[in-house]
Amino acid sequence: MAPNYSPLTINRTLGVNLRAIQTTEIQGEDARQTLGELLQSALQLEFATIPTYLSAAFSLATSNEKISDLILRAAIEEMLHMTAVANLMNAIGTAPDIVAAVPDYPHHLTVLEPPLQLDLRSFSFDLVKDLFMRIEAPEDPVEFPSLAPAAEPRTIGQFYASIIDIIQTDKIPGLFDNAVRDAYKQREVH
């Protein structure tokens, strides 16, 4: 029988801050700054997983090309997520701090609750079972439930859905006022 993996959850502080923007408890420039801090946490989350995938993929012999390619695809997905977060940060006028997002390994990813232990290891089935499957565990169902206004997002999916909600419902008026001016900072994501 296959193990049942629960979706990873964000730490409570991130959820509280995100909900404060959604309920307009935090407004204006404070809301924009808080959103920038939340996005910096998302940048850390996305960046921290990339080296774990790459170290496993690069440890495989060429005879394991299919497995290596699958792991590299996961790393590339994390890179695309990181780029999208950085682009959003640039669009709202908050510079992404890539250097601050670079972890030392082993690393306790504290944007999650409980913190997730990440380290750089060679490929093994235990690594896939104990780490990669936890990182990639989808929510069940895959569609994220909408949250009541008083609820705080808990899963990574709810965290990102809440950020999208803030943007779509214009909770921070003028959030993208300088996005066109700063378009040169954006990176194309395919």
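Reader: Why is Tyr 160 called partly exposed?

Author: This is a predicted model, and the label comes from a computed value. Tyr 160 has a relative accessible area of 22%. Buried would need under 20% and exposed would need over 50%, so Tyr 160 lands in between and counts as partly exposed.

Reader: And what makes Phe 159 buried?

Author: Phe 159 has a relative accessible area of 2%. That value is under the 20% cut-off, so Phe 159 is buried.

Reader: What makes Phe 125 exposed, then?

Author: Its relative accessible area is 66%. Exposed means over 50%, so Phe 125 gets that label.

Reader: How many aromatic pairs does a search of the whole structure find?

Author: Three aromatic pairs turn up. One of them joins Phe 123 and Phe 125, with ring centres 5.6 Å apart and planes at 75°. The centres lie within 6.5 Å and the angle is over 60 degrees, so this pair is edge-to-face. Another joins Phe 159 and Tyr 160: the centres are 5.5 Å apart and the planes are at 65°, so that pair is edge-to-face too.

Reader: Let's turn to charges. How do you know that Glu 29 and Arg 32 meet in a salt bridge?

Author: Go by the distance from N to O, which is 2.4 Å. A salt bridge needs a side-chain nitrogen of Lys or Arg within 4 Å of a carboxyl oxygen of Asp or Glu, so this pair qualifies. Side chains of opposite charge can pair when their charged atoms come close. The whole structure has four salt bridges by this search.

Reader: Where do Glu 29 and Arg 32 sit, and what separates them?

Author: They are three residues apart in helix H2 (residues 28-58), which means about one helical turn separates them. Their labels come out like this: Glu 29 is partly exposed at 43% relative accessibility, while Arg 32 is buried at 15%.

Reader: How do you know that Arg 154 and Glu 113 meet in a salt bridge?

Author: Here the N to O distance is 3.2 Å, and the limit is 4 Å, so the pair counts. Arg 154 is partly exposed at 28% relative accessibility, and Glu 113 is partly exposed at 34%.

Reader: What about Asp 119 and Arg 121: how do you know that they meet in a salt bridge?

Author: Their N to O distance is 3.0 Å, and that is within 4 Å, so they pass the test. Asp 119 has 22% relative accessibility and counts as partly exposed; Arg 121, at 32%, also counts as partly exposed.

Reader: Which residues in the largest nonpolar core touch the most other members?

Author: Of its 46 residues, those are Leu 35, Ile 71, Leu 109, Leu 112, Leu 116 and Phe 159. Helix H1 (12-22), H2, helix H3 (65-91), E2, H5 and H6 each supply at least two residues of this core. H2 gives the most, with 13 residues.

Reader: What is Ile 71 in contact with, leaving aside its neighbours within four places in sequence?

Author: Its partners are Tyr 53, Ala 56, Ala 57, Leu 60, Phe 123 and Phe 132. Ile 71 is also among the buried residues of H3, along with Met 82 and Val 85. The cover over the buried residues of H3 includes H2, helix H4 (98-101), H5 and H6.

Reader: What covers the buried residues of H6?

Author: The cover includes H1, H2 and H3. Among those buried residues are Phe 159, Ile 163 and Ile 166. H6 has 13 residues and reaches 18 Å, close to the expected 18 Å.

Technical notes: Residues numbered from 1 in each chain as written. Predicted model: local features only at pLDDT ≥ 70, side-chain atom pairs only at ≥ 80, totals over all residues. Heavy atoms only, no water. Phe/Tyr/Trp six-rings, centres within 6.5 Å; stacked < 30°, edge-to-face > 60°. Buried < 20%, exposed > 50% of the residue type's maximum accessible area, 1.4 Å probe, protein only. Helix = DSSP H or I, 4+ residues; strand = E, 2+ residues; numbered from the N terminus. Core = buried A, V, L, I, M, F, W, Y, C linked by side-chain atoms within 4.5 Å. Contact = heavy atoms within 4.5 Å. Expected span 1.5 Å × (residues − 1).
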